[in-house]
Structure formats: C-alpha cells, structure tokens
Amino acid sequence: MTPSCSLFGIKTGLIHQGEEILPLLLSGIKKQEITLTDGDILVIAESALATSEGRLVSLAGVTPSKEADELAIQYELDPRLAEIVISESDEIVGGIPGFLLCTSKGNLLPNAGVDGSNAPDGMVSLLPADPNMSAKKIREEIFQMTGASVAVLVIDSRTHPMRYGCSGVAIGCSGIPSVLDERGKKDLFGRELKVTRRAIADSIASAAELLMGEADEGIPAVLVRGLDIPVGNYEGVEQIAADECLFMGIISKNAQKRCQ
C-alpha cells in the first residue's frame with residue numbers, strides 16, 4: 001500500500017426516491033474533471049443509495065404493535081419508528097433513550113439502520129436491502145460504461161463503545177477485500193503478528209466520512225485514488241458471529257448470568 005492517496009468528494013444534488021444513482025455519480029465525477037481509472041475506489045453513502053432504491057417509509061402509514069408501544073415507552077421512541085425498527089431487526093439487544101441496539105443481517109447497529117436524517121419530512125430511510133449486491137451491481141455497470149475496473153463500497157456511520165461521535169463503516173463491498181489478514185507478518189521488532197487483521201473497507205469508509213459529513217454537505221460519494229489495493233473478484237464484508245465478538249460476547253454472557 002502506498003504512503004499517500006487522494007480523496008475527491010462527489011456532489012450530486014438532491015437524490016429523489018427511485019432515481020438511478022449511478023448516472024448522478026458519474027455526472028458528479030465528470031464535473032470534477034476526473035476520469036475513472038483502474039484501481040479507483042468509489043465510496044457511496046447508504047442513505048443516498050437507499051433513497052435511490054426506494055427504501056423510504058412514511059411514518060404516517062405505520063401502525064405500531066403492542067411490542068412497539070412497549071419499546072417506545074421504555075426507550076422514549078416514536079412507536080411508529082419502533083415498529084419499523086422491529087421489522088428491520090433480527091434481534092433487539094437493548095437500548096438507551098432514543099435508540100434501540102439491534103442486530104440486522106450480521107451487523108450490530110442502532111435502530112437497525114433506520115434513520116430520519118437526510119430523509120423527507122415524515123419519512124425514514126432503511127438500509128439498502130442488499131448492500132453487497134448493490135455494490136457489485138454498480139461496479140459492474142461502471143465497467144460496462146467506462147471500462148474502468150474499480151471497487152465500490154457502501155458505507156454507513158456508526159458510534160463505537162464508550163466513545164462520542166460517529167465514524168464510517170462498510171456495509172457493502174465489491175472489488176477489494178474488506179479485511180486484510182496480517183497474521184504471519186513481522187512487526188518493527190521482528191515479532192510475528194498472531195491475530196492482526198486490518199479492516200481496510202472500514203478504514204476507507206472513515207476517511208470518506210471526513211468529506212461526506214453528516215448534515216447538509218450534499219456529498220453522497222467519495223472517490224479514493226492511490227491506495228494501490230488490487231481490484232479483483234472480492235465480494236462482501238467479512239463478519240463474525242455474535243458469540244465470537246468481544247462486545248456482543250460479553251453482553252450475552254452477562255445476560256445469561258443475570259438469568260441464572
């Protein structure tokens with residue numbers, strides 16, 4: 001990997017529900033006077049992609065269930081939002097006022113990724129239905145339209161345990177490995193690395209977040225160039241089971257102890 005790289009924020013203007021996102025991205029790249037080349041990495045915000053894919057839900061059309069009403073009281077939520085979160089979750093682990101901590105499609109995330117920011121009034125956006133497949137589709141279409149072999153990441157923002165603020169995390173990946181295995185390499189003192197894996201996709205996502213922002217910046221995509229990560233037939237974001245996760249594993253064990 002090279003010691004430097006370049007990042008270019010891509011503006012598209014407001015993206016409307018059901019509007020094809022790739023022509024908007026390519027137009028934004030062209031306005032930057034950039035030509036896509038082999039090895040580029042296109043990073044796309046999940047909210048923009050979800051809007052393009054029609055993943056917006058009107059709260060007015062949601063009828064809360066009894067479970068949603070109970071969660072809404074316990075965690076100070078709009079019952080309609082709680083109902084949508086339930087429908088998008090595999091499991092609800094717990095929560096704090098305003099947020100439910102959920103697992104969804106192998107991810108641990110607040111409110112199952114359901115978000116009211118950057119969505120029209122009275123609506124919330126859901127995560128893309130299949131971020132890995134969306135990334136693959138966009139990558140293939142870019143190759144067909146431009147001949148450039150690029151990688152595509154779909155990213156979201158996440159908080160981290162006991163830390164303020166958000167950083168980026170990849171939820172969809174196509175074209176590069178999401179994780180590089182460093183085990184067997186030597187450190188500066190010649191010691192062999194035993195457990196180290198580098199979260200390449202998440203690191204790129206966090207770098208892109210610096211340009212995207214979280215408010216009205218209007219930059220739903222970032223082009224990353226110069227990392228010298230070979231683009232190939234890599235698909236998906238590597239994940240681990242909840243019981244193998246440091247944080248989730250401890251939460252699960254503590255919950256079991258309380259029940260005994």
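User: What is the relative accessible area of Val-231?
Analyst: This is a predicted model, in which local features need pLDDT of at least 70 and side-chain atom pairs count only at pLDDT 80 or more, while totals for chains, interfaces and linings use all residues. Residues are numbered from 1 along each chain as its sequence is written, and side-chain values use heavy atoms, with hydrogens and water left out. A residue is called buried under 20% relative accessible area, exposed over 50% and partly exposed in between, using a 1.4 Å probe and protein chains only. Val-231 is partly exposed because its relative accessible area is 25%.

User: Where is Val-231 found?
Analyst: Helices (H or I, at least four residues) and strands (E, at least two) are DSSP runs numbered from the N terminus. Contact means heavy atoms within 4.5 Å, and, leaving aside neighbours within four places in sequence, Val-231 is in contact with residues including Gly-39, Arg-139 and Ile-176. Val-231 itself is in the loop between strand 12 (221-225) and helix 7 (246-259).

User: Which residue's side chain makes a polar contact with the side chain of Ser-174?
Analyst: Ser-174 lies in strand 9 (residues 167-174) and counts as buried, because its relative accessibility is 0%. Beyond neighbours within four places in sequence, its contacts include Ala-135, Tyr-234 and Glu-235. A polar contact is a pair of N or O atoms within 3.5 Å; within protein, one must be able to donate a hydrogen and the other to accept it, and residues adjacent in sequence count only if both atoms are side-chain atoms. At 2.8 Å, the side-chain partner of Ser-174 is Glu-235.

User: Which residue has its backbone oxygen 2.9 Å from a polar atom of the side chain of Thr-51?
Analyst: Thr-51 has its place in helix 2 (residues 46-52) and is buried, because its relative accessible area is 6%. Not counting residues up to four places away in sequence, Thr-51 touches Ile-15, His-16, Gln-17, Gly-18 and Leu-56. The backbone oxygen at 2.9 Å belongs to Ser-47.

User: How many bridges join strand 8 to strand 9?
Analyst: Strand 8 (residues 151-158) is mostly covered, as eight of its eight residues are buried. Two strands pair if DSSP finds at least two bridges between them. Strand 8 runs parallel to strand 2 (residues 41-45), with five bridges, and Val-43 has Leu-153 as its bridge partner there. Strand 8 and strand 9 run antiparallel, and the number of bridges joining them is seven.

User: How many disulfides does the structure hold?
Analyst: A disulfide is a pair of cysteine sulfur atoms within 2.5 Å. Cys-173 is buried, because its relative accessibility is 0%. The number of disulfides in the structure is zero.

User: Which residue follows helix 6?
Analyst: Helix 6 (residues 200-212) has 13 residues and reaches 18 Å from its first C-alpha to its last, close to the 18 Å expected at 1.5 Å a residue. That expected span is 1.5 Å times one less than the number of residues. The buried residues of helix 6 include Ile-200, Ile-204 and Met-212. The residue after helix 6 has a positive phi, near 70°, and is Gly-213.

User: Which residue takes a positive phi in the hairpin of strand 5 and strand 6?
Analyst: Strand 4 (residues 91-96) and strand 5 (residues 99-104) run antiparallel, joined by five bridges; in the turn of their hairpin, Gly-98 has a positive phi of about 95°. Strand 5 also pairs with strand 6 (residues 107-110) in the antiparallel sense over four bridges, where Cys-102 stands opposite Leu-109. This second hairpin has two residues between its strands, and the residue with a positive phi, near 55°, is Lys-105.
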